[in-house]
Amino acid sequence: MKSGEHAIRGNWASLLLPIEADDSIEFNKLGAEIDILIDANVDGIYSNGTAGEFHNQTEEEFDRIQLMLAERCQKAGMPFIIGACQPDPTIMLNRVRRAASLDPVAIQVILPDWWPLADEEAIDYLNRASGIANGIPIILYNPPHAKRVLAPKELGTILAETPGVIGVKLADGDSNWYVEARDHLSGVSLFVPGHHLATGIREGVAAGAFSNVACLSPRGAQRWTDLMQTDIDAAIETEQRICKFMDEHIVPFRQKSGYSNAALDKLLCAIDNWGPVGTRLRFPYRWISEDEAERLRAVAKQELGDIMI
């Protein structure tokens, strides 16, 4: 099992794709968004998570996005992680190879997603990805909608045989889940949902978050993350208000109307309107109206004034 201090930690902001009416990516806006995130002085920026619509890009677009992120971050001294995620394992390994050439601090992958992998297959796949990454650490993204959601003990078994995987982005759980995580995942950088980060820090489990709170406000999420190091009780109180806002105003779009998590993350961005992103997703996925973002802006400012800065 891995050991030592978490090398990658804190508040990681997601790169969101500005999508035009013709379904093209507006790269000028994407560049402006990266510059805004750098100026917000977040702990790091990551590309091609769910909110980055990794599943709905051509390989030419993938390369252009990662090159733009790498060039801007390297010039500014901003840590960045490239998401090489793709449901097809061959395409994903090719993305890992190309991502490694840009020298990110880590590369994020998922497990191939058409048919769930057995433990031995997952170990083989992750070790192949690590070899292709040529020494750059791998972070496994195991979201709640994965074909196989790994419990802490299962993860521990797999990670014990995959030394190149230094972190996992995953959903947390109740107090029993945190006990199991401490038992089986000690020394692994765990990235919990952004709106649960203070709990994860208090429990001694989370290294950080690839954060939906940073989708709402990169600066506010960073200030909240910094607060966790000096006043965890105050940070927990903030978390409770964030979770209440999410449960009452954001999650119903998924539970009642069937919108994707990417749609929710782009809605969060549009509520604070901190960058030129918008709520539009690429076809065939539906997005939430900008009118909803305008409606929720006043609510968010009233309930989360310390985040909406």
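**Close-up views of the predicted model**

**View A. The setting of Gln-108 in strand S4.** Gln-108 counts as buried because its relative accessibility is 1%, where buried means under 20%. The structure shown is a predicted model. Gln-108 lies in strand S4, which spans residues 106-109. Apart from neighbours within four places in sequence, the residues in contact with Gln-108 are Asn-48, Gly-49, Ile-81, Ile-82, Gly-83, Ala-84, Cys-85, Ile-139, Tyr-141, Lys-169 and Phe-210.

**View B. The crossing of helices H3 and H4.** Helix H3 comprises residues 89-100 and helix H4 residues 119-133; their axes come within 8 Å and cross at roughly 30°. H3 is therefore roughly parallel to H4, as angles under 35 degrees count as such. The crossing is right-handed. On the H3 side, Pro-89, Met-92, Leu-93, Val-96, Arg-97 and Ala-100 take part, and they meet Tyr-125, Arg-128, Ala-129, Ile-132 and Ala-133 of H4.

**View C. The buried and exposed faces of helix H6.** In helix H6 (residues 175-184), the buried residues are Trp-177, Tyr-178 and Ala-181. These residues lie on the same side of H6 because they cover an arc of only 100° around the axis. Exposed residues Ser-175 and Asp-183 are carried on the face of H6 turned away from the buried side. The elements covering the buried residues of H6 include helix H5 (152-159), strand S6 (165-170), strand S7 (189-191) and helix H7 (197-202).

**View D. The start of helix H6.** Here a side-chain oxygen of Asp-174 reaches to within 3.1 Å of the backbone nitrogen of Asn-176.

How values were computed. Residues numbered from 1 in each chain as written. Predicted model: local features only at pLDDT ≥ 70, side-chain atom pairs only at ≥ 80, totals over all residues. Heavy atoms only, no water. Buried < 20%, exposed > 50% of the residue type's maximum accessible area, 1.4 Å probe, protein only. Helix = DSSP H or I, 4+ residues; strand = E, 2+ residues; numbered from the N terminus. Arc of directions from axis to C-beta. Contact = heavy atoms within 4.5 Å. Polar contact = N/O pair within 3.5 Å; in protein donor to acceptor, adjacent residues only side chain to side chain. Axes fitted to C-alpha atoms, helices over the stretch in contact; angles between N-to-C directions. Parallel < 35°, antiparallel > 145°, perpendicular 65-115°, else oblique. Left-handed = near helix turned anticlockwise from the far one by under 90°.
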